[in-house]
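Subject: Structure handover

Hello,

Here is the structure for your files. My notes follow below it.

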Amino acid sequence: MTMAASVHIRPVTRHDADEFLALMKASRELHEPWISPPLTRRAFDAYLSRTGRDDHEGLLICIPEPERIVGVINLNNIVRGSFLSASLGYYVGLPYAGQGYMTEGLRAAVAYAFNSLGLHRVEANIQPNNAPSINLVKRCGFKLEGFSPQYLFIAGAWRDHERWAIYQPRDTLHGAL
């Protein structure tokens, strides 16, 4: 694996539609059967609409010069109050897989979740035979917490998932509690 050049994360915008959709269409082979990213303008518009809600953050992983989208990280189902938690979704574009961009991007997204959003916990639910995704969260400090049978409906079937999580230690948590 080669190491990634510096990446940054930023919110997805309507101006990203063409580049985003082209990358996702070119990456179908990599994504199936794990996820179903937006592949049409209508699906992208629905995704963008979700990112405008308080319970969802859609972040793009980008490389500079010229700026290109290499991956996506979503903080879903954000719950505030005493839970301060989100579930995580992510995917890389096929041309950028295995180059370290997702590791760097996921670390930045977790820091953003903790430091900017004030969350305490981020959880990733991963199908047990998705070794690249499990290895990614391990590299980023997530710990296996359990197994959820028939947890998510993906690609026409209810799929088992492992629950991986990372959290901010209580003594560093600021705010709601």
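R159 touches Q127, S148, Q150, Y151, L152 and I154, leaving aside residues up to four places away in sequence. Contact here means heavy atoms within 4.5 Å.

This is a predicted model: local features need pLDDT of at least 70, side-chain atom pairs count only at pLDDT 80 or more, and totals for chains, interfaces and linings use all residues. Residues are numbered from 1 along each chain as its sequence is written, and side-chain values use heavy atoms, with hydrogens and water left out.

More on R159. This residue sits in strand β7, residues 157-167. R159 counts as partly exposed because its relative accessibility is 22%; buried is under 20% relative accessible area, exposed is over 50%, and partly exposed lies in between (1.4 Å probe, protein chains only). P149 is 10 residues from R159 along the chain, and their C-alpha atoms are 7.0 Å apart.

Now the whole chain. The protein chain has five helices and seven strands. Both are DSSP runs numbered from the N terminus: helices are H or I with at least four residues, strands are E with at least two. From the N terminus, the order is β-α-α-α-β-β-β-α-β-α-β-β.

Of the 177 residues, 47% count as buried. Among contacts with a separation of 6 or more, 62% join residues 24 or more positions apart. The C-alpha trace spans about 45 × 35 × 35 Å along its principal axes.

Best regards
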